[in-house]
Amino acid sequence: MAAFLKVLFRNLLDGPSTDPFPLGETFTPERLRGKCVVDPELCVGCGVCKNVCAAGAIDISPKADNSGYSITIWRNSCCLCASCRHYCPTGAMSISNDWHSAHKQTEKFDCIEQQNIEYEPCSKCGTLIRPLPLKLAQKIYAHDPELSPDFIRHLCPKCRQMEDAMRAARISKQDSGAKIADSAQAALNQPAESQNSVQTA
Ligand code: SF4
Ligand code: SF4
């Protein structure tokens, strides 16, 4: 009895050693898979996340006036597999460590992550598009330092192709011009003797 009272007294002095939640803050590991979140700045509406979601938890629907689309994640259907995050080409999809998902049965259809995303006009032809995220454009066009990623990312795919094709044509024209100039220079630099021998041969 004395030993028991000793332990009891010591525990009362030390306080609880278990997680204080819900009476206090709890520890959440940084990489814990909680709620899926979409960054509207990075999403281009490609639909990859919707296609890879085995739980069918993602919906992407165009707006009635075609001015954009909405992307919705049904949290009650999401099984936190993280495939959407893995396959999202722009890094728009992430999984936060916010695990607070308890809700009343009547609120089950309100447990969603939803972003309404607007299209923007292509800076050349005006077609409505989602601009490429800057980081992605910088990666794709890193081979061409003269091309401004910020300019190219605001073009629609068709205008981007045209821009690429025109630049390629300009570069090849410059290359062939440089080759002709080089051979003309080489001919001029030939010694007079060898030029005469060529003329009299
Ligand atoms: S979240 Fe990513 S994968 Fe899903 S539509 Fe947007 S860009 Fe595409
Ligand atoms: S984590 Fe898995 S189940 Fe949840 S939305 Fe992403 S792909 Fe679907």
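Student: Where does Lys50 sit?

Tutor: Lys50 is part of helix α2, residues 48-52. Helices here are DSSP runs of H or I with at least four residues, strands are E runs of at least two, and both are numbered from the N terminus. Keep in mind that this is a predicted model: local features need pLDDT of at least 70, side-chain atom pairs count only at pLDDT 80 or more, and totals for chains, interfaces and linings use all residues. Residues are numbered from 1 along each chain as its sequence is written, while chains are lettered from A and ligands numbered from 1 in the order in which they are written.

Student: Why is Lys50 called partly exposed?

Tutor: Count the other C-beta atoms (placed from the backbone) within 10 Å of a residue's own: 20 or more is buried, 12 or fewer is exposed, and anything in between is partly exposed. Lys50 has 17, so it is partly exposed.

Student: Which residues does Lys50 touch, not counting residues up to four places away in sequence?

Tutor: Ile58, Asp59 and Ile60. Contact means that the two C-beta atoms, placed from the backbone, lie within 7 Å. As for Val7, it is 43 residues from Lys50 in sequence and 56 Å away in space, C-alpha to C-alpha.

Student: What makes Arg31 exposed?

Tutor: Its C-beta has 7 neighbours inside 10 Å, so Arg31 counts as exposed. Arg31 is in the loop between α1 and β1. Ile95 is 64 residues away from Arg31 in sequence, yet their C-alpha atoms are 8.7 Å apart.

Student: Why does Cys156 count as partly exposed?

Tutor: Cys156 has 19 C-beta neighbours inside 10 Å, so it falls in the partly exposed class. Cys156 lies in the loop linking α5 (149-152) to α6 (157-188). Beyond four places in sequence, Cys156 is in contact with Cys122, Cys125, Thr127 and Ile129. Gln174 is 18 residues from Cys156 in sequence and 27 Å from it, C-alpha to C-alpha.

Student: What makes the backbone at Leu80 and Ala82 worth a look?

Tutor: Most residues other than glycine have a negative phi, and most peptide bonds are trans. Leu80 isn't a glycine, but has a positive phi of about 60°. Ala82 isn't one either, and its phi is about 75°. Leu80 is in the loop between β3 and α3 (83-87), and Ala82 is in that loop too. With 15 C-beta neighbours inside 10 Å, Leu80 is classed as partly exposed; Ala82, with 14, is partly exposed as well.

Student: Which residues does the cis peptide bond join?

Tutor: Phe21 and Pro22, with omega at about 10°. Pro22 is in the loop between α1 (2-14) and β1.

Student: What makes a group of residues a nonpolar core, and which members touch the most others in the largest one?

Tutor: A nonpolar core is a set of buried Ala, Val, Leu, Ile, Met, Phe, Trp, Tyr and Cys residues joined through C-beta atoms within 7 Å. The largest has 14 residues, and Cys49, Ile58, Cys84 and Met93 touch the most other members. Strands β1 (36-38) and β3 (68-74) each supply at least two residues of this core. Cys49 itself touches Ile58, Cys84, Tyr87, Cys88 and Met93, leaving out residues up to four places away in sequence.

Student: How many residues surround ligand 1, and which are closest?

Tutor: There are 13, with Cys43, Cys46, Val48, Cys49 and Cys88 closest. A residue is near a molecule or strand if its C-beta atom, placed from the backbone, lies within 6 Å of it. Around ligand 2 there are 14, with Cys53, Ala55, Cys78, Cys81 and Cys84 nearest.

Student: How do the residues around ligand 2 divide by class?

Tutor: Ala, Val, Leu, Ile, Met, Phe, Trp, Tyr, Cys and Pro count as nonpolar, Asp, Glu, Lys and Arg as charged, and the others, Gly among them, as polar. The shell around ligand 2 has 13 nonpolar, 1 polar and no charged residues. Ligand 1 has 10 nonpolar, 3 polar and no charged.
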